[in-house]
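Dear colleague,

I am handing over a structure that you have not worked with before. Please open it alongside the notes below.

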Amino acid sequence: MSKLDAVPAVDLTPSGTFKYITIQATSKSSPGYPDPSKGKTLVRGYAGCEYHVDVLKMALAKARSIDPDIEMVCTGGGRITHTPPPCEEGRANVFIYGYSQQFGRANHSVASDMIRLHFDGYKVEWSNDGY
């Protein structure tokens with residue numbers, strides 16, 4: 001098992017509306033480096049980040065505490081509204097939307113699938129609408 005395997009696939013602020021990004025992570029210590037297809041897809045979203053690049057910087061700092069050899073490329077961004085249970089009936093626990101002016105639109109479908117796996121029982125929805 002490589003150190004990259006120890007980096008969580010999803011890391012989100014517990015509640016609120018904030019910017020998020022998808023990342024392709026690789027590690028010099030992992031088999032197949034530097035081939036990005038041998039890396040790992042990550043979803044990161046943190047409140048308090050003014051720009052999507054700030055999310056990337058925070059994600060890199062956190063991941064490097066686990067794997068100092070990790071490298072990250074942002075593959076897109078958007079916004080997330082995260083409402084932990086209990087939610088109003090019919091409301092999603094996580095709603096993904098919009099895009100990043102700097103990195104473009106993340107693949108919200110992939111991000112929603114990853115978040116759904118990470119937060120078992122969450123209702124996760126997405127839309128390409130909005131900014």
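The notes that follow cover confidence and then two residues.

This is a predicted model, in which local features need a pLDDT of at least 70 and side-chain atom pairs count only at pLDDT 80 or more, while totals for chains, interfaces and linings use all residues. Residues are numbered from 1 along each chain as its sequence is written, and side-chain values use heavy atoms, with hydrogens and water left out.

The pLDDT (the predictor's confidence in each residue, from 0 to 100) averages 92 over the chain, and 99% of the residues score at least 70.

Thr22 belongs to strand E2, residues 16-27 (strands, of at least two residues, and helices, H or I, of at least four, are DSSP runs numbered from the N terminus). Thr22 is buried, at a relative accessible area of 5% (buried means under 20%, exposed over 50%, and partly exposed in between, with a 1.4 Å probe and protein chains only). Among the residues that Thr22 touches, leaving aside those up to four places away in sequence, are Leu42, Val73, Thr75 and Ala111, where contact means heavy atoms within 4.5 Å.

Tyr99, by comparison, sits in the loop between strand E5 (94-97) and helix H2 (108-118), and Tyr99 is partly exposed, with a relative accessible area of 29%. With residues up to four places away in sequence again not counted, the contacts of Tyr99 include His52, Arg79, Arg105 and Tyr131. Cys49 is 50 residues from Tyr99 in sequence and 15 Å from Tyr99 in space, C-alpha to C-alpha.
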